[in-house]
Amino acid sequence: MNIDKKALALANGRPHYARKRFGQNFLHDENVIRKIVDAISAVEGDHLLEIGPGLGALTKELAKTGATIHCVELDADLAKSLRTEFQEYDSIKIIEGDALKFDLSSIATEKRPLRVIGNLPYNISTPIIFHLLKNSELIRDMTFMLQLEVIQRMVSKVGKRNYGRLSLMVQYYCEVEHLFNVASSAFSPKPKVVSALARLKPHNSTSIRAKDSDCLQTVIRTAFNQRRKTLRNSLRTIIPEALLDRIAINKNLRPQDITLNEYVEISNAICNHTAGPEDYETK
Ligand code: SAM
C-alpha cells in the first residue's frame, strides 16, 4: 500500500497514515500555520471554503476567528474525524466529497462572498484551480499552498520560459501574488518539492473580457500545444489565415510571445466570425 510509515492521530485517537493518492502532506509547524492564518486574516462574518482540511491544522486556527467555514474533504476517514472534532462548532460544516466536483453555488449565491483556502493536494492543484475559476464571480479571494513551480508559472509574464496556459488563464480571471515560500520540514510527510503560499483575487468586472471564455481557452490551448511553432502555424486549425491577418498581431511570433490581450483579441475575432473555434477545427 502507498502509505507513509509515520502514523498521525485522528480526533477519535485512531492512527492515520498519510495517503499518497490523496496528496496528503499535513502541516505540523505551528509558526508556519500561524503565518498562513495571518495571511488569510479571516474575521467573523467571512465565509470560507477550505479544500482538503486533512487533520484540521488550518481549520483549528481559523475556527477561532468565528468565520463560517465549509470544508470539503475527499478522504472519508478524515471527514469523519473532523466531524467529531468540530461537532461543537455551528460555524464549521464538514462535507465529504471531491473538490473537483464541488458546486460552489450550493453554499454561496450572492456575488463574491467566498474566500477559498487550502493546502492543496499537489497532484490535482491545477485542475482544482481551473474548476474554481468557472465560478470566479462567487469568489472574493483564494489563498493556496502550492508547489512553488506552479506559482511561478501562474505569475509568469509574456516572453518568459514558464509563461503558458496556466499563466494566461489564471491571469485572465485573477490578480496573482506569490506570498512566501514554506520549507518541506513544515509538512509530514515532507513533500519532495518546494512549497509556497499564493493569493489569487478574481478581477472586478472592469477587467479585460473575452466574448466567450471557452473559446479563449481553446485558442490558448491550441497555441501552446505546439509551443515551438509560430502563431500562424499553430492556430491554422482553428482560425482561417485571412481572419488572423485582419488582427494587428505579428503572426510570426511564438505562443509565449503573445500577450493575454492579444489572445482575447484572437478569440473575439473567432467569436464575431462564427459560433466557435470548433467550426474550423476540421477544415
Ligand atoms: N489542510 C491539511 C494540512 O494543511 O495539513 C491537509 C493538506 S493535504 C496537502 C491535502 C488534503 O486534501 C488532504 O487532506 C487530502 O485528503 C485532501 N484531498 C485530496 N484530494 C481531494 C479532493 N479531490 N477533494 C477534496 N479534498 C481532497
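Biologist: In this structure, which side chain places an N or O atom 2.8 Å from a nitrogen atom of the ligand?

Modeller: The model is a predicted one, and the distances are computed from its atoms. A pair of N or O atoms counts as a polar contact within 3.5 Å, and here a nitrogen atom of the ligand lies 2.8 Å from such an atom in the side chain of Asp98.

Biologist: How much of the area that the ligand exposes when taken alone does the protein bury?

Modeller: Taken alone, the ligand exposes 590 Å². Of that area, the share buried by the protein is 98%.

Biologist: Which elements give two or more residues to the shell around the ligand?

Modeller: The shell divides into 12 nonpolar, 7 polar and 4 charged residues. The elements that contribute two or more residues to the shell are β3 (26-27) and β5 (68-73).

Biologist: Which residue has a backbone N or O atom 2.8 Å from an oxygen atom of the ligand?

Modeller: Among the residues that come nearest to the ligand are Gly52 and Leu27. A polar backbone atom of Gly52 is 2.8 Å from a nitrogen atom of the ligand, whereas the backbone atom that lies 2.8 Å from an oxygen atom of the ligand belongs to Leu27.

Biologist: How many disulfides does a search of the whole structure find?

Modeller: A disulfide is a covalent bond between the sulfur atoms of two cysteines. Cys215 is buried, with a relative accessible area of 1%, and its closest cysteine sulfur, in Cys271, is 4.2 Å away, which is too far for a bond. For the whole structure, the number of disulfides found is 0.

Conventions: Residues numbered from 1 in each chain as written. Predicted model: local features only at pLDDT ≥ 70, side-chain atom pairs only at ≥ 80, totals over all residues. Heavy atoms only, no water. Near = heavy atom within 4 Å. Polar contact = N/O pair within 3.5 Å; in protein donor to acceptor, adjacent residues only side chain to side chain. Areas by Shrake-Rupley, 256 points an atom, 1.4 Å probe, with all protein chains shown as cover. Helix = DSSP H or I, 4+ residues; strand = E, 2+ residues; numbered from the N terminus. Nonpolar A, V, L, I, M, F, W, Y, C, P; charged D, E, K, R; others polar. Disulfide = S-S within 2.5 Å. Buried < 20%, exposed > 50% of the residue type's maximum accessible area, 1.4 Å probe, protein only.
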